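Here are some exercises to work through with the model open beside you. Try each task before you read its solution.

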Amino acid sequence: MEFLAEIRGVTKSYGRTVAVNNMNLMIPRGKIIGLLGPNGSGKSTLIKMMNGLLTPTAGSITINGFAPGIQTKARVAYLPEKTYLQDGMRVCDIVDYFCDFYEDFNRNTAFTMLQSLGISFEARLKTLSKGTKEKVQLILVMSRNADLYILDEPIAGVDPAARDYILKTIISNYSENASILLSTHLISDIENILDEVIFIREGQVLSHLPVDQIREQYGRSIDSYFREVFAC
Amino acid sequence: MAWILNADKPIYTQLVEIIQTQIISGRYKAGDRLPSVRELAAEASVNPNTMQKAFAELERNGLIVTQRTSGRTVTEDIELINQTQAHLAEECIKNFFQMMKELGYSEKEILNLIEKTAKEGE
């Protein structure tokens, strides 16, 4: 299997609204890939389909050769845009919970990261700030030894210093054959760690290129290229 | 030297320049062992693949040597390091002259200004 994930002719419509329109996309192994597009371009719909939370209206998605389901969930670490954790749980309970749930979860990695960010193991989720909650969730996801990490807006609510730490964590934690697909609007913060970038618009792939090729070809950053391509 | 990267230019070419400077300035001396790709990538906050690409480029021009047993080291060819230094200095001066000419200075005026600034610095 050459590609980690294959998206072929995928369409998703909600009634008359077409969120993803006959999309084709190949996700290689061992890359950090940015999924960029304006609001409502279909990023989250695509991500939800890859995680089996939505079913495509047409077309097929495979990850490691399997359609989204039990086999793929064991190998995909997913950070959703909204939390699904119980507010009353303590941080250490959630770590135990993940440990029970995912075979590839590494408890030591999680505790080390929580400690570096000064997050108390005993604290209940509801007592944490919005940004700290986001950090906890990202730490849980990155503590898995998955093949594919899908991160939907991973750093939006996090302060710049913690952002740097999280990015370094992402870089040093993923294994060479794993890939990270991350959607974000904070392009300038993350563009130095990307290998490739996928621009999507109106439910279709506009371009899928290595980031250094964009810099070489257009002499500009991904952030400024994005602003030009999607200028309103 | 800090890893200050300009997002307008390919990252790997900037990494090559920074590592070259670190070798020339003696942060990594001839024959020194270099940190791993991962370590340097984390230090610079860049993708390990990009750092790998920069290393490959430095290997191609000979500044970095891959040893089968001891990882990557800086070349022991002092002559090559000196040549790289001379080459980078030349580039710096060319850029400087070009910028000064754009500001409307003649070559002679530039030289006078350099001399004056150097004297003030003493």
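This is a predicted model: local features need pLDDT of at least 70, side-chain atom pairs count only at pLDDT 80 or more; totals for chains, interfaces and linings use all residues.

Residues are numbered from 1 along each chain as its sequence is written, chains are lettered from A and ligands numbered from 1 in the order in which they are written, and side-chain values use heavy atoms, with hydrogens and water left out.

**Exercise 1.** Work out the strand order of the open sheet of three strands in chain A, and find which strands are at its edges.

Solution. Start with two rules: helices (H or I, at least four residues) and strands (E, at least two) are DSSP runs, numbered from the N terminus, and two strands pair if DSSP finds at least two bridges between them.
- Step 1: The order is 2-1-4, and the pairing is antiparallel.
- Step 2: Strand 2 (17-27) and strand 4 (58-63) of chain A each pair on one side only, which puts them at the edges.
- Step 3: On average, neighbouring strands here are turned by 20° against each other, direction ignored. Angles run from 0 to 180 degrees between N-to-C directions, and axes are lines fitted to C-alpha atoms, for helices over the stretch in contact.
- Step 4: Helix 1 of chain A packs on this sheet and touches strand 1, strand 2 and strand 4 of chain A. Contact here means heavy atoms within 4.5 Å. The direction of helix 1 of chain A makes about 120° with that of strand 1 of chain A.

**Exercise 2.** Zoom in on strand 1 (residues 5-14) of chain A and strand 2 of chain A: how many bridges join them?

Solution. 
- Step 1: Count seven bridges between these antiparallel strands.
- Step 2: Check two pairs: Ala5(A) has Ile27(A) as its bridge partner, and Glu6(A) stands opposite Met26(A).
- Step 3: Look at the turn. The two strands form a hairpin with two residues between them, and Gly15(A) in the turn has a positive phi of about 60°.

**Exercise 3.** Now take on the sheet of six strands in chain A and give its order.

Solution. 
- Step 1: Reading across this open sheet gives 5-6-7-3-8-9, with mixed pairing.
- Step 2: Its edge strands are strand 5 (76-79) and strand 9 (204-210) of chain A.
- Step 3: Neighbours are turned by 15° against each other on average, direction ignored.
- Step 4: Helix 1 (residues 43-50) of chain A packs on this sheet, and among the strands it touches are strand 3 (32-36) and strand 7 (179-183) of chain A. The helix direction makes about 145° with that of strand 6 (148-152) of chain A.
- Step 5: Six bridges join strand 8 (residues 196-201) of chain A to strand 9 of chain A, and these two run antiparallel. Val197(A) is paired with Leu209(A), and Arg201(A) with Gln204(A).
- Step 6: Strands 8 and 9 of chain A form a hairpin with two residues between them; Glu202(A) in the turn has a positive phi of about 50°.

**Exercise 4.** Describe how helix 5 (residues 130-142) and helix 6 (residues 160-173) of chain A pack.

Solution. Two packed helices are described by the angle between their axes and the distance between the axes.
- Step 1: The angle is about 5°, and the axes are 11 Å apart.
- Step 2: That makes the two helices of chain A roughly parallel. (Angles under 35 degrees count as roughly parallel, over 145 as roughly antiparallel, 65 to 115 as roughly perpendicular and the rest as oblique.)
- Step 3: Lys135(A), Leu138(A) and Met142(A) of helix 5 of chain A meet Ala162(A), Ile166(A), Ile170(A) and Asn173(A) of helix 6 of chain A.

**Exercise 5.** Over to chain B: at what angle do the axes of helix 1 (residues 11-24) and helix 3 (residues 48-60) of chain B cross?

Solution. 
- Step 1: These axes come within 8 Å and cross at roughly 55°.
- Step 2: Helix 1 and helix 3 of chain B are therefore oblique to each other.

**Exercise 6.** Are Gln20(B) and Leu40(B) buried or exposed?

Solution. 
- Step 1: Gln20(B), in helix 1 of chain B, is buried at 10% relative accessible area. (Buried means under 20%, exposed over 50%, partly exposed in between, with a 1.4 Å probe and protein chains only.)
- Step 2: Leu40(B), in helix 2 (residues 37-44) of chain B, is buried too, at 1%.
- Step 3: Residues that Leu40(B) touches include Trp3(B), Tyr28(B) and Met51(B). The C-alpha atoms of Leu40(B) and Met51(B) are separated by 7.4 Å.

Definitions and conventions: Lists of a residue's contacts leave out its neighbours within four places in sequence.
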